[in-house]
Protein chains: 2
Amino acid sequence: MIKVVAIGKIKEKANKELIHEYIKRLGSYTKLDVIEIDEVMLTKNASAADIDLVKQKESQSILNVIKSHEHVVLLDLKGKTMTSEQFSDYIFHQYTYGRSDLTFVIGGSYGVDQILKDRANYLLKLSDMTFPHQLARLFIMEQIYRAYKIFNNEPYHK
Amino acid sequence: MIKVVAIGKIKEKANKELIHEYIKRLGSYTKLDVIEIDEVMLTKNASAADIDLVKQKESQSILNVIKSHEHVVLLDLKGKTMTSEQFSDYIFHQYTYGRSDLTFVIGGSYGVDQILKDRANYLLKLSDMTFPHQLARLFIMEQIYRAYKIFNNEPYHK
């Protein structure tokens, strides 16, 4: 089973539609659970300590929905990149080794706390470029879908 | 001025909406021209030679809308990656050196011909992962918008 845990609700209707299209398509391959966690709001003149507190709270909320046996891939700008083929291999390698519950985590605007990084089994960087985390949701969903297409050797447009 | 030349029309209404949102926002910073070029259709049992021909035709159509003074950045899986900050620096570096017409090119599903690669001033890789070229349109548009926000030192959500 694939679980996607993300901070914040997708606001743009159009982006929501695109993401749902991939969720729907993935449904024919795997059980999929998407959990959206409310972002913690910051006041305008937030200090560095305030931001740290937001990261701690959000990371704790994420950890609360992750069970101990889940294999966690955290999207992180300091993570490692993979090609789509490597990503597909990575996912199915976990399944082969009995890690059947994969959880992908997308943090909030300010990033995540170290406690969540420590829990993660892999830090994945989608791109050297920074994307809005709302678009990151779309990208990772498309890549998970692509991973299944690659594994099943099914044609998929580029 | 920024020009974006791409093969194929964006089919999904939702993706079109997201792209148009960035086009609209970019409008307050720069003149922007988006040129969509019809993709060349392939028959089901296309040979490698047929595919080469598609790439040649599409690349020629792209070259037809590029003037000789334009600085061309081609999205290419064999290109180099940049961070968003480097991408912003890159764009404004061109402006500084009088190259005021920047053209971004997104090829079709089969890639582009060598003749277009030779014309390109820079090959840019958005990610090690392969995305549908329809999503690549969205990604590059967001990054161009982000480049202007970074250059102008304006706040922008991650």
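Is N153(A) buried or exposed? N153(A) is exposed, because its relative accessible area is 70% and the cut-off for exposed is over 50%. This value comes from a predicted model.

## The asparagine after α5

N153(A) sits in the segment after α5 of chain A. Its phi is positive, near 60°, and the residue is not glycine. Most residues other than glycine have a negative phi.

Chain B has its own N153. N153(B) lies in the segment that comes after α5 of chain B. Its phi is also positive and near 60°. N153(B) counts as exposed, with a relative accessibility of 71%.

## Helix α5 of chain B

α5(B) has 19 residues. From first C-alpha to last, α5(B) reaches 27 Å, close to the 27 Å expected at 1.5 Å a residue. Of those 19 residues, 17 are buried, so α5(B) is largely enclosed by the rest of the structure.

One residue in this helix is K149(B). Why does K149(B) count as buried? K149(B) has a relative accessible area of 12%, and buried means under 20%. Leaving out residues up to four places away in sequence, K149(B) touches Y29(B), E154(B), P155(B) and Y156(B).

## Helix α1 of chain B

Helix α1 of chain B covers residues 13-26. It has 14 residues and reaches 20 Å from its first C-alpha to its last. That is close to the 20 Å expected at 1.5 Å a residue.

Which residues of α1(B) are buried? They are A14(B), N15(B), L18(B), I19(B), Y22(B) and L26(B). Seen down the axis of α1(B), the buried residues fall within an arc of 140°, so they line one face of the helix. The face turned away from that buried side carries K13(B) and K24(B), both exposed. The cover over the buried residues of α1(B) comes from both chains. From chain A it includes α1 (13-26) and α5 (133-151). From chain B it includes β2 (32-37) and α5 (133-151).

## A β-α-β unit

α1(B) also belongs to a right-handed β-α-β unit, together with β1(B) and β2(B). Strand β1 of chain B spans residues 2-7. β1(B) and β2(B) run parallel, joined by 6 bridges. Within this pair, I2(B) of chain B stands opposite L32(B) in β2(B).

Helix α2 of chain A covers residues 48-64. It has 17 residues and reaches 24 Å from its first C-alpha to its last, close to the 24 Å expected at 1.5 Å a residue. V54(A), E58(A), S59(A), I62(A) and L63(A) are buried in α2(A). Viewed down the axis of α2(A), its buried residues fall within an arc of 165°, so they line one face of the helix. Exposed residues A49(A) and N64(A) are carried on the face turned away from the buried side.

D113(A) lies in the loop between β4 and α4 of chain A. Apart from residues up to four places away in sequence, D113(A) touches K55(A), Q56(A) and S59(A). D113(A) and N15(A) are 98 residues apart along the chain, and their C-alpha atoms are separated by 27 Å.

In chain B, helix α2 (residues 48-64) holds A48(B). A48(B) is exposed, at a relative accessible area of 57%. A48(B) and H71(B) are 23 residues apart in sequence, yet their C-alpha atoms are 31 Å apart in space.

## The nonpolar cores

Which members of the largest nonpolar core touch the most other members? Among its 72 residues, they are F87(A), F104(A), L124(A), F87(B), F104(B) and L124(B). A second, separate core has 13 residues, including I7(A), I35(A), L63(A) and L116(A).

F87(A) has contacts in both chains. Leaving aside neighbours within four places in sequence, F87(A) is in contact with M82(A), F104(A), L124(A), I140(A), Q143(A), I144(A) and A147(A) of chain A, and with M129(B) of chain B.

Technical notes
Residues numbered from 1 in each chain as written. Chains lettered and ligands numbered in written order. Predicted model: local features only at pLDDT ≥ 70, side-chain atom pairs only at ≥ 80, totals over all residues. Heavy atoms only, no water. Helix = DSSP H or I, 4+ residues; strand = E, 2+ residues; numbered from the N terminus. Buried < 20%, exposed > 50% of the residue type's maximum accessible area, 1.4 Å probe, protein only. Core = buried A, V, L, I, M, F, W, Y, C linked by side-chain atoms within 4.5 Å. Contact = heavy atoms within 4.5 Å. Expected span 1.5 Å × (residues − 1). Arc of directions from axis to C-beta. Pairing = 2+ DSSP bridges. Right-handed = clockwise from strand over helix to strand, strands pointing away.
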